[in-house]
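Here's a quick read-through of a model, meant to be followed with the viewer open. Have a look at the fold, then carry on below.

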Amino acid sequence: MAGIGPLSQDWEPVVIRKKAPNAAAKKDEKAVNAARRAGAEIETIKKSAAGSNKSASSSTSLNTRKLDEETENLSHDRVPTELKKAIMHARTEKKLTQSQLAQLINEKPQVIQEYESGKAIPNQQIITKLERALGAKLRGKK
């Protein structure tokens, strides 16, 4: 390229060639129809698990069988009745509402409701905060 100043252009032809179709492109509808028109042989193969949501091993695995045979009823610990009553008693002694108590310990009012109704899963940190805020021992000696 012989450049005369910054405004010179290169007029060499640029050739862009399309690649031969790869395996994925050969499968598309146009290619298959073109092959049919040309009289080429077309092979169709049904994939064994195509379109289904099954894993490679669709048989029940060992773990699944173990889970099915497992009959033990597992459930979380719930707030014991003594603790529920202790929280309610200490809270009413201090003339606090559930939401006021919740604010004191930086928890949501729902947490206090769950503890007093016995639905909560006991959390030692929250119980400690409750003890501090209410100035009462809620747990037995642990």
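## Contacts, core and a buried arginine

Residues 24 or more positions apart make up 49% of the protein's contacts with a separation of 6 or more, a contact being heavy atoms within 4.5 Å. Before going further: this is a predicted model, so local features need pLDDT of at least 70 and side-chain atom pairs count only at pLDDT 80 or more, while totals for chains, interfaces and linings use all residues. Residues are numbered from 1 along each chain as its sequence is written, and side-chain values use heavy atoms, with hydrogens and water left out.

The protein has 7 helices and 0 strands. Helices (H or I, at least four residues) and strands (E, at least two) are DSSP runs, numbered from the N terminus. Of the 142 residues, 16% count as buried; that means under 20% relative accessible area, with exposed over 50% and partly exposed in between (1.4 Å probe, protein chains only). The accessible surface is about 12,700 Å², with 52% of that belonging to carbon and sulfur atoms. Those areas come from the Shrake-Rupley method with a 1.4 Å probe, and for residues only the protein chains shown count as cover.

Now for the core. A nonpolar core is a set of buried Ala, Val, Leu, Ile, Met, Phe, Trp, Tyr and Cys residues joined through side-chain atoms within 4.5 Å. The largest one has 18 residues, and Ile87, Leu101, Tyr115 and Leu130 touch the most other members. H4, H5, H6 and H7 each give two or more residues to this core, and H7 gives the most, with 5 residues.

H7 (residues 124-134) has Ile126, Ile127, Leu130, Glu131, Ala133 and Leu134 buried, and their cover includes H4, H5 (98-104) and H6 (109-117). Leu130 touches Ile87, Leu101, Ile105, Ile112 and Leu138, leaving out residues up to four places away in sequence.

Which residues does Arg91 contact beyond its neighbours within four places in sequence? They are Leu96, Thr97, Gln98, Leu101, Glu116 and Leu134. Arg91 sits in H4 (residues 81-93) and counts as buried because its relative accessibility is 11%.

Two polar contacts are worth a click (pairs of N or O atoms within 3.5 Å; within protein, one must be able to donate a hydrogen and the other to accept it, and residues adjacent in sequence count only if both atoms are side-chain atoms).

| From | To | Distance |
|---|---|---|
| Arg91 side chain | Leu96 backbone oxygen | 3.0 Å |
| Asn123 side-chain oxygen | Gln125 backbone nitrogen | within 2.9 Å |
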